[in-house]
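Please keep the structure open beside this note. Each numbered point takes up one place to look at.

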Amino acid sequence: MKKPFYFFFFLLIVLSCKDETECCVNPTIAIKLKFTHHWDGVELSSSDFNEFKFRTANDDLISISRLRYLVSNVLFNNTIQSSSTIYSLIDIDENKTTLLVTGVPISKVNAFAFTFGFRDEDNLDGAYADLNSASFNVPEMLGGGYHYMQFDGKYKDSNNADANFNYHAIRAADITDPDNIILQDTSFEVDLGNIEITENTTIEIKMNVAEWFKNPNIWNLNELNTVLMPNFDAQILMNENGQSVFSLGKITSN
Amino acid sequence: MKYLGFCIIFLFFLMSCSSKEDDVYIPVAYNLEIPQLFADKLIPPVIPADNPLTIEGVALGKKLFFDRILSGIQTQSCAHCHKLQEAFSDRSQFSEGADGNLGSRNSMPLFNLAWNFEELFAWDGKEFGLENQVIEPIVNPIEMHGDLKEITKRLNEHDRYPDLFQLAFGTSKISGDLVAKAVAQFMRTIISANSKFDRYLLGEATLTAAEENGFNVFMSEEKGDCFHCHGSNNNPLWTDNQFHNNGLDETFTDLGLGAISGDPADNGKFRSPSLRNLTFTAPYMHDGRFSTLEEVINHYSEGLRFSETIDPLMKKVNDGGVGLSDQDKDDLKAFLLTLTDEEFINNPAFKN
């Protein structure tokens, strides 16, 4: 049992040596993306969950219990920096809020963008073990693939009673005719423009959670609250409102 | 260049051959066979680096699991409350402890435990890691009511155990830590992955129309919406292993996760159980309040109770739930029963 082990170690060393020579011809660095969250400027973390303390543009009072979403396809200078899909499930409650992108070429100014959710070409049903293990899938009857976002909470309804909302963003699916589902890619690219990166750069990306309910569509939770996954039109509204939720935060080097 | 490589590899072989010849017996690595669907769909199981599975360790763990020596007055083993025919759970609502005391929770089934990725065990997540979960029932006064010092003394004086620990762990000095490691090893080998639905996913079985509709009810957000918490064809564990309040009560006698975390927002939250092997695991819920699947389905369909911490996924709470049709209820039950794994409860590897 021990011998193959040594062999593997040796192989590892050989392989890692090879990498090193490659790296020096074409130097690359790793960049950390850090996602932070706020409600119209007021910082938001999991310690703010489960309390009715946020007011939407429609004047609905809400409490948040779960907010996790997928970011993918990180682009520097319009090219993806790895042959594999770079994606990460951001989960505020579990404090999973960073994404490490390796293989970024060193250069001063970079067009920087990422995708909220999965583009159709990446949105492959059951293909990602970590996302399956996190139960982030979309049922096959809705076209399969993965949630873009699972945002669950409660709002005070018109009788001031607690009611639930499941703001789940997925690829829009019209299943009026189950034998002929119409799918529309509602993931979107977030373009954060030119930024300067150097070794050990951390890029903060801020999500204004309030924007999901505000711009351009004022969201009325009394009308759109649950069962939004099979609601094609609701998915289009989410896509439109999503465009303005992200902004560039601090860029730090350490 | 190539030659040099071979030379060095050869050298490594030589070195590894010459050393350790007269060392202690090294236990043989246990090859955990990962079911096809798990390998395809899930991240790897959790095997702690300081407790790798070995054939000797697993065998020892199994022996301990079925041995009454682990309880205070040597009257009950783990299997007293975790019976293989019941998917390693217990038909009694509350299991009787060694001293005849009843707990307040239903015994949990034991399978696929190595795929509980966050390693929070028990209904309320109070134990981190399987090793800790082994010691808990041994010393719990309403369970096996043992004293760890007394039990390790007993094991150390036993005519067989010191040798078995020597083989498994290279020492005959038995500690609570090693007992935990051995039993945890055995429990990590307990896998259930051969139900009709598994075979259906592998293309080896077909579903009846009722089972197929039941699966659709399970997966449909406007009907069952079970998949957000209980897995799916893409998460064959049939649980998310997360903590939720699924609307059982308006007020709580058992705070669940809330008592552990101290956060009132966690009151009434319990870990979603796997829906595999429900045929064998009645009664249901943390307190075994439901004795049939019909009762469970009626709960989700029209029996939901509001409390502040109820999970937002529980829809139409004010109406008690989404109100499934009788047909959908029957079919949902038919589907749930396709997650039954007969091979599992008859597996000789898990029999005493």
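1. Start with a pair of helices in chain B. Helix α9(B) covers residues 209-219, and helix α14(B) covers residues 326-337. They pack at an angle of about 100 degrees, and their axes are 7 Å apart. Angles of 65 to 115 degrees count as roughly perpendicular, so α9(B) is roughly perpendicular to α14(B). Bear in mind that this is a predicted model.

2. Which residues make this contact? On the α9(B) side they are A210(B), E211(B), N213(B), G214(B), F215(B), V217(B) and F218(B). On the α14(B) side they are D328(B), D331(B), L332(B), A334(B), F335(B) and L336(B). By class, the contact of α9(B) with α14(B) has eight nonpolar, two polar and three charged residues.

3. Helix α3(B) spans residues 55-65, and helix α7(B) spans residues 176-188. Their packing angle is about 100 degrees, with 7 Å between the axes. The two helices are therefore roughly perpendicular to each other. From α3(B), the contact takes in G57(B), V58(B), L60(B), G61(B), K62(B), L64(B) and F65(B). From α7(B), it takes in V179(B), A182(B), V183(B), Q185(B) and F186(B). Eight of the residues in this contact are nonpolar, three are polar and one is charged.

4. Now step back to the domains. The assignment for chain B gives domain 1 as residues 36-191 and domain 2 as residues 196-345. Taken over C-alpha atoms, the centres of domain 1 and domain 2 of chain B are separated by 27 Å. How many residues are in contact across the two domains of chain B? There are 37 in domain 1, and they are in contact with 32 in domain 2.

5. Next come the cavities. The structure holds four of 30 Å³ or more. The largest cavity has a volume of about 690 Å³. It is lined by 41 residues. Closest to its centre are H230(B), N246(B), M285(B), V296(B) and Y300(B).

6. Which elements of chain B give two or more residues to that lining? They are α10 (227-230), β4 (270-271), α12 (278-281), α13 (293-302) and α14. Helix α13(B) gives the most, with five residues. The lining of the largest cavity divides into 24 nonpolar, 11 polar and six charged residues.

7. Check two peptide bonds. In chain A, the bond joining N215(A) and P216(A) is cis, with omega at about 0 degrees. P216(A) sits in the loop between β14 (201-208) and α3 (232-242) of chain A. In chain B, the bond from A282(B) to P283(B) is cis too, and its omega is near -5 degrees. The loop between α12 and α13 of chain B holds P283(B).

8. Finish with a backbone angle in chain A. N95(A) is not a glycine, yet its phi is positive, at about 60 degrees. Look for N95(A) in the loop between β6 (87-91) and β7 (98-105) of chain A.

Conventions. Residues are numbered from 1 along each chain as its sequence is written. Chains are lettered from A and ligands numbered from 1 in the order in which they are written. This is a predicted model: local features need pLDDT of at least 70, side-chain atom pairs count only at pLDDT 80 or more; totals for chains, interfaces and linings use all residues. Side-chain values use heavy atoms; hydrogens and water are left out. Axes are lines fitted to C-alpha atoms, for helices over the stretch in contact, and angles run from 0 to 180 degrees between N-to-C directions. Helices (H or I, at least four residues) and strands (E, at least two) are DSSP runs, numbered from the N terminus. Angles under 35 degrees count as roughly parallel, over 145 as roughly antiparallel, 65 to 115 as roughly perpendicular and the rest as oblique. Contact means heavy atoms within 4.5 Å. Ala, Val, Leu, Ile, Met, Phe, Trp, Tyr, Cys and Pro count as nonpolar, Asp, Glu, Lys and Arg as charged, and the others, Gly among them, as polar. On a 1 Å grid over the protein atoms alone, a cavity is a set of points where a 1.4 Å probe fits but cannot get out, and a pocket is an open set with protein on both sides within 12 Å along at least five of seven lines; lining residues have an atom within 4 Å of a point. Grid points are joined across faces, edges and corners, and a volume is the space filled by probe spheres set on the points. Domain bounds come from an automatic or database domain assignment.
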